[in-house]
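Please consult the sequence and the structure shown below while reading.

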Amino acid sequence: MHVDIISIFPSMFDSVLNSSILKRAVEKGKLEVKIHNLRDFAEDKHNTTDDAPYGGGAGMVMKVEPIAKCLRNVEKKKKGFKILLTPAGKKFDQALAKKLAKKKNLIFVCGHYEGFDERVKDYIDEEISIGDYVLTGGEIPALLIVDAVMRLLPGVLGNEESAKNESFMDGLLDYPHYTRPADYKGKKVPEVLLSGNHEKIAKWRSEEALKLTKEKRPDLLAKANKLSKGVYICP
Ligand code: 9D3
């Protein structure tokens, strides 16, 4: 997958892209990320990318020309599915991550200030929000989406087993995990996990995952049934 990210703070992407799994995905050739400095596409000598709102009021608005110009430049090389990060967008979830993972090229437009000139939206395929809280800009949302999408690409996690498990329990909270010691200051690991009976262990895990989800996130159950290839039997 090829990802283009357009931002006025290109350095915000350095740390995440140069670490851990995202970096490995790039090194393995599964992912290619290019950051574009929106300022380079400003049209005046001060490199202005924002301006005061027509009609007055506080805050600044991202101008349309630099964004349109930058998108035109990016798509001269590679056309892509164009995403605008905005609090007014469709709320990002695992289903949307799966949809985006099917695209060959993604282009993210990150904004700041109070928002974008409405006409930016004419150049965009989908507006996305990552949730109902207020951030300072679209950079962290872009990275969050790249992270969630990238790990769905074949060969990125390198752990096919965990991907398989996940599709089985998709959309549910995880079952409880344990590792050694079997007894920590009297807190014992559930007997079934030491039994070696894999059928019983699988049954225990799916029951625990369902119990936990029902207790903590009942809202997830309906969604999980939709995402899952299997069928959940709710106890
Ligand atoms: C009341 C007007 N504010 C909207 C809640 C204005 C505003 C605040 C903060 C407009 C943009 C921003 C910066 N946020 C993003 O660019 C953003 C965001 C977010 O704040 N929350 C969740 N998802 C996203 S995606 C981009």
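Where is Asn47 found? In this predicted model, Asn47 is found in the loop between E2 and E3.

## Backbone exceptions

Most residues other than glycine have a negative phi, and most peptide bonds are trans. Asn47 has a positive phi near 55 degrees and is not a glycine. Its relative accessible area is 33%, so Asn47 is classed as partly exposed. Lys185 is likewise not a glycine, and its phi is positive at about 50 degrees. This residue belongs to the loop between E9 and strand E10 (187-188). Lys185 counts as exposed because its relative accessibility is 71%, the cut-off for that class being over 50%.

A cis peptide bond links Arg180 to Pro181, with omega near 5 degrees. Pro181 lies in the loop between H6 and E9.

## Overall dimensions and composition

The secondary structure of the protein consists of nine helices and 10 strands. The C-alpha trace spans about 70 × 40 × 35 Å along its principal axes. The radius of gyration is 22 Å, whereas a compact globule of 235 residues would have a value near 18 Å.

Of the 235 residues, 38% are buried. Considering contacts between residues at least 6 apart in sequence, 76% join residues at least 24 apart.

## The five-stranded sheet

Five strands make up an open sheet with parallel pairing, in the order E2-E1-E6-E5-E8. Strand E2 (32-37) and strand E8 (126-129) are the edge strands, each pairing on one side only. On average, and with direction ignored, neighbouring strands of this sheet are turned by 30 degrees against each other.

Strand E6 (residues 105-109) pairs with strand E1 (residues 2-7) in the parallel sense over five bridges. Strand E5 (residues 81-91) also runs parallel to E6, and four bridges join the two. Ile107 in E6 is the bridge partner of Asp4 and also of Lys82. E1 is in turn paired with E2 in the parallel sense, over six bridges, and Asp4 stands opposite Lys34 in E2.

## Helices packed on the sheet

Helix H4 (residues 94-101) packs on this sheet and touches E5, E6 and E8; the angle between its direction and that of E5 is about 170 degrees. Helix H5 (residues 139-150) also packs on the sheet, in its case touching E1, E5, E6 and E8, with its direction at about 160 degrees to that of E6.

## Burial of strand E6

How many of the residues of E6 are buried? The strand is mostly covered, with five of its five residues buried. Both faces are covered: one side presents Asn105, Ile107 and Val109, and the other presents Leu106 and Phe108, all of them buried.

Leaving aside neighbours within four places in sequence, Glu75 is in contact with Gly80, Lys82 and Ile107. Glu75 counts as buried because its relative accessibility is 15%, and the class requires a value under 20%.

## The three-stranded sheet

A further open sheet has three strands in the order E3-E4-E7, and its pairing is mixed. Its edge strands are strand E3 (50-51) and strand E7 (115-116), each of which pairs on one side only. E3 and strand E4 (residues 61-62) run antiparallel and are joined by two bridges. Within this pairing, Asp50 has Met62 in E4 as its bridge partner.

## Aromatic residues

The search of the whole structure finds zero aromatic pairs. Phe81 does have a charged neighbour, as Lys103 lies over the face of its ring at 4.2 Å from the ring centre.

Tyr175 is placed in the loop between helix H6 (160-168) and strand E9 (183-184). Apart from neighbours within four places in sequence, its contacts are Arg205, Glu208 and Ala209. Gly131 is 44 residues from Tyr175 in sequence, and their C-alpha atoms are 25 Å apart in space.

Technical notes
Residues are numbered from 1 along each chain as its sequence is written. This is a predicted model: local features need pLDDT of at least 70, side-chain atom pairs count only at pLDDT 80 or more; totals for chains, interfaces and linings use all residues. Side-chain values use heavy atoms; hydrogens and water are left out. Buried means under 20% relative accessible area, exposed over 50%, partly exposed in between (1.4 Å probe, protein chains only). Two strands pair if DSSP finds at least two bridges between them. Axes are lines fitted to C-alpha atoms, for helices over the stretch in contact, and angles run from 0 to 180 degrees between N-to-C directions. Contact means heavy atoms within 4.5 Å. Rings of Phe, Tyr and Trp (its six-membered ring) pair if their centres lie within 6.5 Å; planes under 30 degrees apart count as stacked, over 60 as edge-to-face and the rest as tilted. A charge sits over a ring if NZ of Lys or CZ of Arg is within 6 Å of the ring centre and within 35 degrees of the ring normal. The radius of gyration is taken over C-alpha atoms; the globule rule is 2.2 Å times the number of residues to the power 0.38.
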